[in-house]
There are 2 protein chains.
Amino acid sequence: MTITILIVEDEPILQEMISLNLKRAGLIALCADNVEQAKRIIINVLPDLVIIGGILSSMEGIEFARRLKIEERTKSIPILMLTAQDQGSEIIADLVVDVEDYIIKPFSPHELIARIKAVLRRRLPEMADEIIQWGGLKLDPTTHRVHVYTKDEQLEPAEITLGPTEFRLLHFLMINRERVHTRAQLQDRLWGDHVFIEERTIDVYIRRLRTTLKAVGKENLVQTVRGIGYRFSVE
Amino acid sequence: MTITILIVEDEPILQEMISLNLKRAGLIALCADNVEQAKRIIINVLPDLVIIGGILSSMEGIEFARRLKIEERTKSIPILMLTAQDQGSEIIADLVVDVEDYIIKPFSPHELIARIKAVLRRRLPEMADEIIQWGGLKLDPTTHRVHVYTKDEQLEPAEITLGPTEFRLLHFLMINRERVHTRAQLQDRLWGDHVFIEERTIDVYIRRLRTTLKAVGKENLVQTVRGIGYRFSVE
DNA sequence: ATAAAATTTTACAAATTCGTGACAATAGCA
DNA sequence: TGCTATTGTCACGAATTTGTAAAATTTTAT
């Protein structure tokens with residue numbers, strides 16, 4: 001799966017820096033020096049994320065973002081803005097209601113990549129049909145199977161069976177491993193906004209998942225963060 | 001941060017029920033019996049969310065929602081509609097394109113609050129979730145973990161566990177490190193201004209934080225500024 | 001040096017949160 | 001059709017967290 005990112009940035013050095021770092025992270029970068037160019041690109045390619053850079057100061061950036069959010073074809077594309085330090089953050093927050101996230105300059109490449117990944121994860125969390133393997137568990141979304149690798153070198157990995165909900169829960173937790181999720185977040189992601197369930201129901205599914213994992217000797221993979229939520233972690 | 005919610009609902013009992021539950025959840029509720037009254041309120045106060053109730057049946061509600069979405073000043077306010085069961089949900093979905101979300105009556109108070117929070121959560125920008133590293137402490141808001149780097153070059157940084165409040169306290173102090181915070185400021189930022197706390201309580205949490213830090217050899221990171229408040233400092 | 005003020009500890013009860021087992025309702029399937 | 005798996009809820013108890021009051025200690029001012 002390839003992810004395409006459109007960068008709208010008039011400063012050549014910054015543009016280069018961003019594009020380089022994106023490539024290094026395995027993402028495809030398209031660059032535009034101005035809004036007109038960006039519009040032309042979007043006609044042909046629908047990016048997974050748009051980064052709007054320094055042109056913000058001219059208000060052109062905000063206008064462009066708004067335009068993207070209005071059009072049906074583009075309105076679900078997340079937008080990340082790079083804003084200058086000196087503009088009051090309240091003003092920015094007011095202006096950029098259509099924007100998914102923003103970074104205040106100057107920022108480190110590392111920070112940029114982290115933020116991009118965060119935005120993408122929020123948008124396309126379970127798009128990956130890829131096999132995910134972590135903490136001795138191998139989960140295959142296509143075959144809907146989970147295998148367990150035990151420590152004692154049995155060549156035969158045991159297979160465990162999970163109910164549909166438990167499977168989705170484990171999948172989500174494994175994709176976003178190490179990250180704590182509140183019950184509300186899990187509810188949003190696994191049940192959707194329009195299905196109403198008690199928050200405690202999530203505890204129950206966590207328990208069911210834990211029980212089956214414990215049966216094959218995998219304890220402590222699904223952890224409780226008291227007062228916050230749950231987390232999948234390999235220590 | 002206070003969140004204000006405008007309720008437009010002509011049924012007094014329902015209005016009362018909603019407003020009561022909002023207050024209990026720490027949200028400020030403004031009530032209007034009809035659309036005219038609601039308009040007058042909006043001139044003075046810009047709410048963070050509008051709940052439109054039973055008046056929907058008269059089409060007045062939809063018209064009102066549309067009006068809100070057109071005006072520049074109000075168009076970014078999310079709208080939550082309470083709709084009656086008997087109206088076909090497809091019809092409603094068609095009509096209320098301007099609405100962020102809707103609940104079908106009858107609903108439980110709990111469900112209402114959950115939905116409100118979901119709508120607000122979607123709108124509010126993600127909290128600053130960058131890793132903060134200072135004074136030998138590394139705090140990661142996404143994984144909700146704190147690691148300690150000891151001087152004696154152990155490659156394994158120790159992990160410490162903090163209660164939710166201690167964690168938030170440390171996070172806040174680290175973000176605003178070197179700056180002194182009065183107890184009142186800490187109270188505002190960590191508990192919000194609608195929760196009443198004894199000022200001494202903050203001393204207690206400072207102490208709890210200090211105790212766990214001291215246990216891993218990190219003394220003097222949280223400092224007292226006598227007569228003013230507290231500060232996180234790396235000397 | 002002594003009283004007053006501010007902060008640190010200690011101890012404790014109330015409130016909250018979490019794990020668990022049991023249960024009815026529902027959906028899926030043979 | 002009946003059987004089985006799944007789904008979501010609830011209530012209870014255990015563990016943890018929360019906020020407070022009050023005693024003990026430290027610092028400051030007189």
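# Reading a protein–DNA model

Analyst: Let's start with one contact: in the side chain of Arg210(A), an N or O atom sits 3.0 Å from a phosphate oxygen of DNA strand C.

User: What counts as a polar contact here?

Analyst: It's a pair of N or O atoms within 3.5 Å; within protein, one has to be able to donate a hydrogen and the other to accept it, and residues adjacent in sequence count only if both atoms are side-chain atoms. Before going on, some ground rules. This is a predicted model, where local features need pLDDT of at least 70 and side-chain atom pairs count only at pLDDT 80 or more, while totals for chains, interfaces and linings use all residues. Residues are numbered from 1 along each chain as its sequence is written, chains are lettered from A and ligands numbered from 1 in the order in which they are written, and side-chain values use heavy atoms, with hydrogens and water left out.

User: Which residues are closest to DNA strand C?

Analyst: A residue is near a strand if one of its heavy atoms lies within 4 Å of it. For DNA strand C, 19 residues qualify, and the closest are Arg183(A), Arg200(A), Thr224(A), Thr224(B) and Tyr230(B). Of the atoms of DNA strand C within 4 Å of the protein, 57% belong to sugar and phosphate. Chain B touches phosphate oxygens of DNA strand C too: a polar side-chain atom of Arg183(B) is 3.3 Å from one, and a side-chain N or O atom of Arg207(B) is 3.0 Å from one.

User: Which elements give two or more residues to that surface?

Analyst: Helices (H or I, at least four residues) and strands (E, at least two) are DSSP runs, numbered from the N terminus. Near DNA strand C, the elements are helix 8 (199-215) and strand 11 (222-225), in chain A and in chain B. Helix 8 of chain B gives the largest share, four residues.

User: How do the residues near DNA strand C divide by type?

Analyst: Ala, Val, Leu, Ile, Met, Phe, Trp, Tyr, Cys and Pro count as nonpolar, Asp, Glu, Lys and Arg as charged, and the others, Gly among them, as polar. The surface near DNA strand C has four nonpolar, four polar and 11 charged residues. Near DNA strand D, you get 12 nonpolar, five polar and seven charged.

User: What surrounds DNA strand D?

Analyst: 24 residues do, and the closest are Thr165(A), Thr201(A), Thr165(B), Tyr205(B) and Arg208(B). Sugar and phosphate make up 68% of the atoms of DNA strand D that come within 4 Å of the protein. Here's one contact to a base: a polar side-chain atom of Arg208(A) lies 2.7 Å from a base oxygen of DNA strand D. Trp191(B) instead has a polar side-chain atom 3.0 Å from a phosphate oxygen of DNA strand D.

User: In helix 2 of chain B, which residues are buried?

Analyst: Buried means under 20% relative accessible area, exposed over 50%, and partly exposed in between (1.4 Å probe, protein chains only). In helix 2 (residues 35-44) of chain B, the buried ones are Val35(B), Ala38(B), Ile41(B) and Ile42(B). Looking down the axis of helix 2 of chain B, these fall within an arc of 115 degrees (using directions from the axis to the C-beta atoms), so they line one face of the helix. The face turned away from that side carries exposed Arg40(B), Ile43(B) and Asn44(B).

User: What caps the N-terminal end of helix 2 of chain B?

Analyst: Asn34(B) does: one of its side-chain oxygens is 3.1 Å from the backbone nitrogen of Glu36(B).

User: How do I read a sheet?

Analyst: Strands of a sheet pair through backbone hydrogen bonds, either parallel or antiparallel. Here, two strands pair if DSSP finds at least two bridges between them. In chain B, three strands form an open antiparallel sheet in the order 10-12-11. Strand 10 (181-182) and strand 11 of chain B are at the edges with a single partner strand each, so one side of each has no neighbour in the sheet. Four bridges join strand 11 of chain B to strand 12 of chain B, and Val225(B) stands opposite Gly229(B).

User: How many residues lie between strand 11 and strand 12 of chain B?

Analyst: Three, in a hairpin, and Gly227(B) in the turn has a positive phi of about 85 degrees.
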